[in-house]
Amino acid sequence: MTLEAREVAWERGGRLVVDGVSLRPRPGETIGLLGPNGSGKSSLIRLLSGIARPTAGAVVLDDRPLAAVARREAARAIATVTQHADTAVDLMVRDIVALGRIPHRGAFGGDRRADDDAVAEALERTGLTAKAGESWHRLSGGERQRVHIARALAQRPRELLLDEPTNHLDIRHQLDLLRLVCDLPVTTVVALHDLNLAAMFCDSLLVLKHGGAVAAGTPAEVLTPELIAEVYEVSAAVSIDAATGRPQITFTPGEPGPAR
Ligand SMILES: Nc1ncnc2c1ncn2[C@@H]1O[C@H](COP(=O)(O)OP(=O)(O)OP(=O)(O)O)[C@@H](O)[C@H]1O
């Protein structure tokens with residue numbers, strides 16, 4: 001059982017920004033959401049997280065409509081890192097990561113030891129242990145991004161929703177983060193712009209265009225030159241990496257894809 005989207009649609013400002021999309025991740029898999037700017041990736045993540053409700057179709061957690069699941073229960077199961085996540089108050093890194101434990105606290109405070117362990121592990125996994133006592137406002141953009149990921153990990157969710165988690169990160173941290181996410185025993189839906197990173201790390205991909213799903217399957221099934229030209233309007237060559245068996249995409253500079 002896992003988090004599912006069943007033919008979800010979302011009308012915003014008189015326009016369908018998500019148009020009849022279904023997503024049914026296998027437990028533990030990492031699904032990459034691809035698509036150009038404005039194609040609906042963030043909107044779909046908002047629907048899956050319960051931040052927004054679909055205008056049609058349903059988001060379902062363990063076969064129950066998410067809207068009918070108690071907030072606290074949903075918050076224990078699903079962790080979300082949205083784009084441009086910020087915090088107004090100046091907290092220490094450790095305190096922000098500890099916010100991920102709130103859904104686990106009972107009326108009498110919960111298990112402090114479990115909270116401390118989860119926070120320490122999340123800091124360690126994201127390479128932030130040495131920054132635990134640092135103030136949020138003194139962090140770089142990439143460090144802030146990792147703090148939000150750490151908060152989500154401290155939540156120890158079953159479902160992880162990440163909206164472009166690698167923007168702001170240097171290449172080493174991009175690779176570390178996606179490797180970490182893939183190795184977690186957690187179902188993950190991750191919106192990505194980098195097709196090569198998606199090809200390298202995701203078990204499957206869903207490609208959106210104008211709010212609708214245009215392709216779904218393994219990276220090798222989905223990432224063809226034809227699909228890339230259709231969706232992104234650029235020319236690309238795709239080869240299969242001998243070592244990993246994953247597609248590798250090379251773009252042709254200055255050569256536009258077919259006009260649409
Ligand atoms: N508050 C809003 N009201 C109406 N439409 C909106 C609103 N926010 C976003 N949209 C529209 O919804 C569509 C989908 O946006 P969304 O942010 O989901 O795309 P995205 O694929 O995540 O884009 P990006 O890659 O640029 O982050 C866009 O056309 C956008 O203009």
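Leucine 178 is part of helix 6, which spans residues 171-183. The structure shown here is a predicted model. Leucine 178 has 25 other C-beta atoms within 10 Å, and a residue counts as buried at 20 or more, so leucine 178 is buried. Setting aside neighbours within four places in sequence, the contacts of leucine 178 are Thr166, Leu197 and Phe201. Cysteine 202 lies 24 residues from leucine 178 along the chain, and the C-alpha atoms of these two residues are 8.7 Å apart.

Next comes a pair of helices. Helix 4 covers residues 112-125 and helix 5 covers residues 141-154; their axes come within 8 Å and cross at roughly 140°. Angles over 145 degrees would count as roughly antiparallel and those from 65 to 115 as roughly perpendicular, so helix 4 and helix 5 are oblique to each other. Their crossing is right-handed. On the helix 4 side, the contact is made by Ala118, Val119, Ala122, Leu123 and Arg125, and on the helix 5 side by Ala150, Leu153 and Ala154. Seven of the residues in this contact are nonpolar, one is charged and none is polar.

The last stop is the ligand. Around the ligand stand Arg12, Gly13, Val17, Gly35, Asn37, Gly38, Ser39, Gly40, Lys41, Ser42 and Ser43. Helix 1, residues 41-49, supplies the largest share of this shell, with three residues. Sorted by class, the shell around the ligand holds eight polar residues, two charged and one nonpolar. The contact between helix 4 and helix 5, by comparison, has no polar residues.

Definitions and conventions. Residues numbered from 1 in each chain as written. Predicted model: local features only at pLDDT ≥ 70, side-chain atom pairs only at ≥ 80, totals over all residues. Axes fitted to C-alpha atoms, helices over the stretch in contact; angles between N-to-C directions. Helix = DSSP H or I, 4+ residues; strand = E, 2+ residues; numbered from the N terminus. Parallel < 35°, antiparallel > 145°, perpendicular 65-115°, else oblique. Left-handed = near helix turned anticlockwise from the far one by under 90°. Contact = placed C-beta atoms within 7 Å. Nonpolar A, V, L, I, M, F, W, Y, C, P; charged D, E, K, R; others polar. Near = placed C-beta within 6 Å. Buried ≥ 20, exposed ≤ 12 C-beta atoms within 10 Å, placed from the backbone.
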